[in-house]
Amino acid sequence: MLQVAVLSGKGGTGKTVVTAALADVLPGAKAFADCDVEAANLALLLSPKERGRIPFFGMKKAEIRREACVACGLCREACHFHAIGKDTVGHYHVDRVRCEGCAVCREVCPERAINLVEHQDGEIILADTAQGPLVYAELYPGSGNSGLLVHEVKKAALKESGNRDLLLIDGPPGIGCPVISTLSGINAAVLVTEPGIAALHDLRRLVTVSSGFSLSHWVVINRADLHPGYTRKIESYCAGLGIPVIGKIPFDPVVISAVRDGLPVTRRECAASRELQSIGMRLMEGLSL
Ligand code: SF4
Ligand code: SF4
């Protein structure tokens, strides 16, 4: 089974719109994973029916056993994250949002009153869509470990995929740990960018990161007609690296209305929809689907 991720060097380039359109137009048996776990929006465009939830436990957090604590305050002094406080009656407690699970407090406590305990950071959601099964996640506010959650979402999506032809992944923006986790083990990446100095800068950084993995790359330029000069710069940059630009999506207000209606834009007749269908065809040729 092929694994293809749609990624962007920065948020707001239209990555999820492109993923939903590809989910709609690519042929064959498909499954989907939304690895943009901090803003999982693919579900908003694929109308999933939820089938189940799996709790996600990230790093452990400190917990003070009140009965063993003698209120010496050493743990509070030692915590660099200011995660330990004292209430009005003198009891010490841990703020789980601030706690980074470093275990320093446990090491300094003379009474062995501190344990590191499991902490649920979110949920992985299994769902069905008209196009195939979808796995996505909800990370609770203030929770970390999104790289680990991406790994778990991919693992669940691979299990859900069975013997389908393609796992299509909506990846996270940027170049951090969740992106590395997304790139690991995939066959190809579609990098979505837009014409502008910041987007080109972020595309360069993403290409630098993704080039460290053994996979094929393609670039899609969204809203390409808004700044033709920068579109040419992106094309020239990609040509220099031998990365094919497989589509230039024009700015199209119909995209906004399709998103507002919770639909892939390929369900509408418009210029952006036609270009996204062509991108799907070029991708199929490139992937030999
Ligand atoms: S585990 Fe680390 S971050 Fe958490 S309360 Fe203890 S010292 Fe602070
Ligand atoms: S170091 Fe241990 S005994 Fe001292 S306040 Fe913290 S938990 Fe209580």
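This is a predicted model: local features need pLDDT of at least 70, side-chain atom pairs count only at pLDDT 80 or more; totals for chains, interfaces and linings use all residues.

Visitor: Is I249 buried or exposed, and why?

Guide: A residue is called buried if 20 or more other C-beta atoms lie within 10 Å of its own, and I249 counts as buried because it has 27 C-beta neighbours inside 10 Å.

Visitor: Which residues is I249 in contact with, leaving aside neighbours within four places in sequence?

Guide: With those neighbours left aside, I249 is in contact with V220, N222, R223, A224, A272, E275 and L276.

Visitor: Let me zoom out. How many helices and strands are there in the protein?

Guide: The protein has 10 helices and 13 strands, and its C-alpha trace spans about 70 × 40 × 35 Å along the principal axes. Of its 289 residues, 45% are buried. Among contacts with a separation of 6 or more, 76% are between residues 24 or more positions apart.

Visitor: What does the domain assignment give?

Guide: The assignment gives domain 1, made of 2-57 + 122-287, and domain 2, covering 61-118. The C-alpha centres of these two domains lie 41 Å apart.

Visitor: And the ligands, which residues come nearest to ligand 1?

Guide: Around ligand 1 there are 14 residues, and the nearest of them are C79, A83, C99, C102 and C105. By class, that shell has 12 nonpolar residues, one polar and one charged.

Visitor: What about ligand 2?

Guide: Ligand 2 is surrounded by 13 residues, of which C69, C72, L74, C75 and C109 are the closest, and by class its shell holds 11 nonpolar residues, one polar and one charged.

Visitor: Switching to strands, why is β1 largely enclosed by the rest of the structure?

Guide: Strand β1 (residues 2-8) has six of its seven residues buried, so it is largely enclosed by the rest of the structure.

Visitor: Which strands does it pair with, then?

Guide: One partner is strand β10 (residues 166-173), with which β1 pairs in the parallel sense over six bridges, and there S8 has P173 as its bridge partner. Strand β11 (residues 188-193) also runs parallel to β1 and is joined to it by four bridges, with V190 of β11 as the bridge partner of V6.

Visitor: Which residues have the most contacts inside the largest nonpolar core?

Guide: Those are V153 and V190, in a core of 65 residues. Helix α1 (residues 15-25) gives the most to this core, with six residues. Another core, of 13 residues, lies apart from it and includes I84, Y92, V94 and A113.

Visitor: What does V153 touch, not counting residues up to four places away in sequence?

Guide: On that count, V153 touches A33, C35, V37, I124, V135, Y136 and A137.

Visitor: And how many residues of α1 are buried?

Guide: Helix α1 is mostly covered, with 10 of its 11 residues buried, among them K15, T16 and D24 as well as V17, V18 and L22.

Methods: Residues are numbered from 1 along each chain as its sequence is written. Chains are lettered from A and ligands numbered from 1 in the order in which they are written. A residue is near a molecule or strand if its C-beta atom, placed from the backbone, lies within 6 Å of it. Ala, Val, Leu, Ile, Met, Phe, Trp, Tyr, Cys and Pro count as nonpolar, Asp, Glu, Lys and Arg as charged, and the others, Gly among them, as polar. Domain bounds come from an automatic or database domain assignment. A residue is buried if 20 or more other C-beta atoms lie within 10 Å of its own, exposed if 12 or fewer, and partly exposed in between; C-beta atoms are placed from the backbone. Helices (H or I, at least four residues) and strands (E, at least two) are DSSP runs, numbered from the N terminus. Two strands pair if DSSP finds at least two bridges between them. A nonpolar core is a set of buried Ala, Val, Leu, Ile, Met, Phe, Trp, Tyr and Cys residues joined through C-beta atoms within 7 Å. Two residues are in contact if their C-beta atoms, placed from the backbone, lie within 7 Å.
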